[in-house]
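Hi,

Here is the model I promised to pass on. Have a look at it first, and my notes follow below.

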Amino acid sequence: MRKYKELEQDFAALSEKYSRLLSEKSELEYELEELKSAAESIRKQDDEIRTLHENVRRIKHDMKNHLMVIASYLNGSDYDNAKAYTSQILDKLNAAHSYIETGNSLLNHILNEKLNKARENGVSVKAEIENLSFGKMESLDFSALLSNLLDNAIEAEPTEISVVISRRRGYETILVKNTVKISVLSENPDLKTTKFDGASHGMGIPQIKAITEKYGGMCDFYEENGYFCACAFIPT
């Protein structure tokens, strides 16, 4: 009987040790995934910056030729073509200088990737970004939160998207606004996931809510002045 009790105690001790090691293994695996995600974000950011520099270098190299073309139009009093050509150059310059630098590599990568996608689809983009760390959030959660907010706005096929990241009354906030042709909340007041179309904002809403609640924050969805607005509040 005594031998049996000793075996039971040994088994209980080993079970406890096994559970502790399993928990530590899970934590290490999660940390490893976070490090991989951060490294990948930095690598992509480096690629984006190199592409930006290359585009600027090309534009500078071609500027003399561009000015000669414009001068030729002006000398011939062809003002319409001169204006059109100048407008094309300005569009290229705006695209080349559209990289957003926030001091947060993960935030940089997500914003530039998503907003460039919006621009490629002909969407006008406005951004007001404060240098915030969102330091209480795990990288994977922050990435999922911001990506879902931006993806919802982009998939709604708007004419304009506005992103404001700022500190408000003890919260780090992300506000994403996009123009809508019809009221989203009138068509889908509970923002339930539906077959995706231009009027749907259901995709990703449960995850946005779950992530903000995980950190003791909150989210709000409303409409004003022809915009659908999604705002996430994370306590500092």
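By a nonpolar core I mean a set of buried Ala, Val, Leu, Ile, Met, Phe, Trp, Tyr and Cys residues joined through side-chain atoms within 4.5 Å, where buried is under 20% relative accessible area (1.4 Å probe, protein chains only). Bear in mind that this is a predicted model, with local features needing pLDDT of at least 70, side-chain atom pairs counting only at pLDDT 80 or more, and totals for chains, interfaces and linings using all residues. Residues are numbered from 1 along each chain as its sequence is written, and side-chain values use heavy atoms, without hydrogens or water.

On to the cores. The largest one has 36 residues, and Leu-111, Leu-145 and Ile-174 have the most contacts inside it. Among the elements giving it two or more residues are H3, H4 and strand S2 (160–168) (helices are DSSP runs of H or I, at least four residues, and strands runs of E, at least two, numbered from the N terminus). H4 gives the largest share, eight residues. There is also a second, separate core of six residues, including Val-164 and Phe-233.

What does Leu-145 touch, leaving aside its neighbours within four places in sequence? Its contacts (heavy atoms within 4.5 Å) are Met-137, Ile-174, Ile-208, Ile-211, Thr-212, Ala-232 and Ile-234.

Then the helix pair: H3 (residues 105–120) and H4 (residues 139–155) pack at about 15 degrees, axes 10 Å apart (axes are lines fitted to C-alpha atoms over the stretch in contact, and angles run from 0 to 180 degrees between N-to-C directions). The two are therefore roughly parallel, a label for angles under 35 degrees.

Cheers

Conventions
Parallel < 35°, antiparallel > 145°, perpendicular 65-115°, else oblique. Buried < 20%, exposed > 50% of the residue type's maximum accessible area, 1.4 Å probe, protein only.
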